Amino acid sequence: MKISGTCEAFSGANISKATVKYIIKRQETVIWRSYNDYFYRPYRSPLTEIKQGETTTDDNGNFTFDFDALADEKSQSKPRSYQ
């Protein structure tokens, strides 16, 4: 997955040569629904860190980084929703 963004000051000016730090985390969420449309409290697994790093903005304030958005191996057979 490729993530891109722009660093701007409150005035709207682009910020060049800035350091951008990021942490990508995954959390599985299972929503239980009964036959009569009653929703139970969702189960959420602990957060799992996928990638951590930093990059630098270019002269126009733009930055990009990428990571592999892989599903949890333990939940491959279940329907899943990540946030």
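At 60% relative accessibility, Asp-59 counts as exposed, a label for residues over 50% relative accessible area, while buried means under 20% and partly exposed lies in between (1.4 Å probe, protein chains only). The model is predicted, so local features need pLDDT of at least 70 and side-chain atom pairs count only at pLDDT 80 or more, while totals for chains, interfaces and linings use all residues. Residues are numbered from 1 along each chain as its sequence is written, and side-chain values use heavy atoms, with hydrogens and water left out.

Asp-59 forms a salt bridge with Lys-17; the term requires a side-chain nitrogen of Lys or Arg within 4 Å of a carboxyl oxygen of Asp or Glu. The count of salt bridges comes to 1. Lys-17 lies in the loop between strand 1 and strand 2, and Asp-59 in the loop between strand 5 and strand 6, so the pair ties together parts that are 42 residues apart in sequence. Strands are DSSP runs (E, at least two residues), numbered from the N terminus.

| Residue | Relative accessible area | Class |
|---|---|---|
| Lys-17 | 56% | exposed |
| Asp-59 | 60% | exposed |
| Ser-45 | 12% | buried |

Ser-45 lies in the loop between strand 4 (43-44) and strand 5 (48-56). Leaving out residues up to four places away in sequence, Ser-45 touches Gln-27 and Glu-28, where contact means heavy atoms within 4.5 Å. The C-alpha atoms of Ser-45 and Arg-26 are separated by 9.0 Å.

Methods: Helices (H or I, at least four residues) and strands (E, at least two) are DSSP runs, numbered from the N terminus.
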